[in-house]
Amino acid sequence: MTFDAIVVGSGMSGGWAAKELAEKGLKTLVIERGGHLEHGADYTDSLSPWELENYGLVKEAEAAEHYGIQSQCYAFSTATKHLWVKDSEHPYTTPEGRPFMWIRGYHLGGRSIMWARQSYRLSDMDFQSNARDGHGSDWPVRYEDMAPWYDHVEQFAGISGSREGLPQLPDGQFLPPMDLTGAEKDFKQKLEAAYPTRRLIIGRCAHLTEAKPHHEELGRIACQYRSLCERGCSYGSYFSSLSATLPAAQRTGNLTIVTDSIVHSVIYDPKTGKASGVRVIDAKTKQGRTYEGKVVFLCASAIPTAQIMLNSKSEAFPNGIANRSDAVGRYLMDHLSGMGASGTYPGFEQNYHSGRRPNGFYIPRYRNVTEPTEGLLRGYGFQGGVMRDNWRRGLGQAGVGPEFKASLRKPGPWRIHLSGFGEMLPRPDNRVTLHPTRTDKWGMPIVHIDVSLGDNERRMVEQVGADAKEMLERAGATGVSVRKHYGGAGLGIHEMGTAHMGKDPTKSVLNKYNQAHDVPNLFITDGACMASGGCQNPSLSYMAMSARGAHYAVQFLREGVI
Amino acid sequence: MQSTELAIDRRALLRSAILLVGGSMAGLPGEAFAQGKKLTKARFFTPAQYSVLDETAEIIIPKTDTPGARAAGVPSIIDDLMANWASAERGANFRALMDDIDRRALAAGGASLRALPPARRLEFVRAYDAEKIGAKDPVYSRLKELVLTTYYLSEAGATQELRYELVPGKWEAWTTIGPDARAWAV
Ligand SMILES: Cc1cc2nc3c(=O)[nH]c(=O)nc-3n(C[C@H](O)[C@H](O)[C@H](O)COP(=O)(O)OP(=O)(O)OC[C@H]3O[C@@H](n4cnc5c(N)ncnc54)[C@H](O)[C@@H]3O)c2cc1C
Ligand code: SF4
């Protein structure tokens, strides 16, 4: 079958590519390896806690046998189990002593269903960071190239946030911000007084704090503050491929979706020097088939996109398609995560909150922005919150009987927590390769993921914990406990960089249009394209890259250049 | 017993019907979506162990002006969890824990837990709890966690003892409360 455009993957980036391509009139095919997921019907957001199977607890033997990696994600429960891959079915290897926790879901919509919706722009500092300190390839784009595309995706997706005028975290087209609790405002004031170089802002998140007509047209309504989001939201109140981009693509009449179809490789036509389509394995029957297209977008997420490319071998590309640079699979980055601190925030006994805000506060990066830091490159930001505790404080506490019950009936003290997200340097040795011998049950070579931390990352892990503790203590928090322990590579769930953009075709994979240097009608707009990662949650950038890449692909098709 | 798939199908049907008529899901009776009730089941714990669990849970969270653990179904939920969730090792540890509580009650008060007078029962469990939590005993700590979790997230615990709203509808970041205000269950 022949299409104008083929998009591989239907997650955060694939949904955007499909929407833009279909809206520009291209007959677009989305190929998704996972099964169909129905917006609303396949969500579990109508269930109260007591209605969840096993109160949310996944059978221990099943979790150990099939979900050894996925069960390490906080969002894994009986309410969401159907949204995660079975690790037992989707193996990969890592070197001894260097685990990589690859958290993923294979279904229509990908991880846009389970994501935590924090949405931040990269800034010009981020687009210049590689050029400045020499790590990785200089980005072939700058913030001003991206800004209109951030505007574009924010308006459509619906991003709530406050305008702050911070150079390291550019403002956007925001829906109204969510409110900080009074205790958070108090912390903000103490923090900014103690550290005039640091700021605390309300988190920016992909929630409709207000539904505009273009959101309502797609059946999306304003957020109802339930915080059940990782189960899927039947109201469409947060952005996902299923609530927003795929329905928008569908209504053009130009979209075809095939699910249960695993893209095995991209077909290269040596006569034209272009990609002619993709080979697919049917996930159910294991039969092979092909689809043809004038342009191919890889949006399978950073690791599978590299896997598909490396597996697309031909005489012209013995090491995988568009890989003359040997950069495909290299420069894998994640965000350092799992470090932070928490404590009790005294006072405010007469105050509480009502509703469940699916968002927290954010302390944007200050290291090497407002605070030059000797011996440390790049920086990190913090997500956090100050909320009153509930009965959970009773868990590790001695006590039984009527007094114990009466004490847990009252709201607990205010608790504060900070969680750091740190930038990893792009390093060529952190890489994905194809396993030399092992294949999965569909005959696809499995990936081998080799990621380690460098000196800068190790210093950063220490510094994030130390900073978190100091900020809490200086603001008067008590009983502060620190998490200096780094959860492990992968657990940031922000894998990226495996087919990065760069100016030099001998060192990078994509040019400034997300177009492969070596294959002009092959575009890659998922996290693989990132030349550096910033410390901001990255999905908004993938959305902007996807919309922008689609724009240029259509332009080049019309001009007859590709 | 209804299979989970059927339950999901039914839920999906109901939900799409609601969405078709443009309604909101708020206010629908929880039962409409709940899983089918199990008809028969063998208990995980022996009758003696179950009675220790039942008594211990009710002592940790007793009936006051609101239901206690027993009325909220905690002992039977934990029994279900042992059958449907716990690993073999955890199940064995929990059985041993129930036996240990009973044995210790016997040693301390001359009678099994159930046979002690109510005041002595409370005293015994309070001391046992303080000792085990103080020692960070993983098995007892997990039992207590399950008692609290299944109580406060049960319908009675969440909506009678505490407060719970499936669909809050709005976020109020700063409210004023009186000394008797109850906490949110989630
Ligand atoms: C719990 C959680 C919280 C998160 N929180 C945030 C957050 O707050 N902010 C943020 O920015 N990001 C967050 N993320 C990360 C975010 O989800 C990802 O960055 C984003 O989804 C990546 O988009 P993608 O399109 O590259 O990949 P995905 O959304 O993962 O989609 C890839 C799709 O491709 C399909 N696919 C893979 N291989 C093939 C193949 N061979 N053939 C066909 N299809 C294939 C997959 O099945 C999948 O549907 C979070 C993720 C998780 C899991
Ligand atoms: S908090 Fe908002 S987005 Fe999340 S599930 Fe509730 S209504 Fe949906």
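This is a friendly dialogue on how to read some features of this structure.

Colleague: What should I know before I look at the numbers?

Modeller: This is a predicted model, where local features need pLDDT of at least 70, side-chain atom pairs count only at pLDDT 80 or more, and totals for chains, interfaces and linings use all residues. Residues are numbered from 1 along each chain as its sequence is written, chains are lettered from A and ligands numbered from 1 in the order in which they are written, and side-chain values use heavy atoms, with hydrogens and water left out.

Colleague: How many helices and strands does chain B have?

Modeller: Helices (H or I, at least four residues) and strands (E, at least two) are DSSP runs, numbered from the N terminus. Chain B has seven helices and one strand, and along the sequence the pattern is α-α-α-α-α-α-α-β.

Colleague: What share of chain B is buried?

Modeller: Buried means under 20% relative accessible area, exposed over 50%, and partly exposed in between (1.4 Å probe, protein chains only). Of the 186 residues in chain B, 46% are buried. The accessible surface of chain B (Shrake-Rupley method with a 1.4 Å probe; for residues, only the protein chains shown count as cover) is about 9,200 Å², and 57% of that belongs to carbon and sulfur atoms.

Colleague: Which residues is Asp100(B) in contact with, beyond its neighbours within four places in sequence?

Modeller: Contact means heavy atoms within 4.5 Å. Asp100(B) sits in helix H4 (residues 88–109) of chain B, and, its neighbours within four places aside, is in contact with Tyr128(B) and Lys132(B). Asp100(B) and Val52(B) are 48 residues apart in sequence, with their C-alpha atoms 9.8 Å apart in space. For chain B as a whole, 57% of the contacts with a separation of 6 or more are between residues 24 or more positions apart.

Colleague: How do I read the interface of chain B and chain A?

Modeller: The size of an interface is often given as the accessible area lost when the parts come together. Buried area here is the accessible area (1.4 Å probe) that two parts lose on being put together, summed over both. Between chain B and chain A that area is about 5,900 Å², with carbon and sulfur atoms giving 59%. In chain B, Trp85(B), Trp171(B) and Trp174(B) lose the most area to chain A, together 15% of what that side buries. The contact takes 72 residues from chain B and 62 residues from chain A.

Colleague: How many residue pairs are in polar contact between chain B and chain A?

Modeller: A polar contact is a pair of N or O atoms within 3.5 Å; within protein, one must be able to donate a hydrogen and the other to accept it, and residues adjacent in sequence count only if both atoms are side-chain atoms. Between chain B and chain A there are 32 residue pairs in polar contact, both at pLDDT 80 or more. On the side of chain B that touches chain A, H6(B) gives the most, with nine residues. The residues of that side divide into 39 nonpolar, 15 polar and 18 charged. Here Ala, Val, Leu, Ile, Met, Phe, Trp, Tyr, Cys and Pro count as nonpolar, Asp, Glu, Lys and Arg as charged, and the others, Gly among them, as polar.

Colleague: How many salt bridges cross that interface?

Modeller: A salt bridge is a side-chain nitrogen of Lys or Arg within 4 Å of a carboxyl oxygen of Asp or Glu. The rule finds five across the interface of chain B and chain A. Lys405(A) and Glu161(B) meet in a salt bridge with an N to O distance of 3.9 Å. Over all chains, the whole structure has 47 salt bridges.

Colleague: Where do Lys469(A) and Glu473(A) lie?

Modeller: Both are in helix H10 (residues 455–474) of chain A; being four residues apart, Lys469(A) and Glu473(A) are separated by about one helical turn. The closest N and O atoms of their salt bridge are 3.4 Å apart. Lys469(A) is partly exposed at 33% relative accessibility, and Glu473(A) is partly exposed at 41%.
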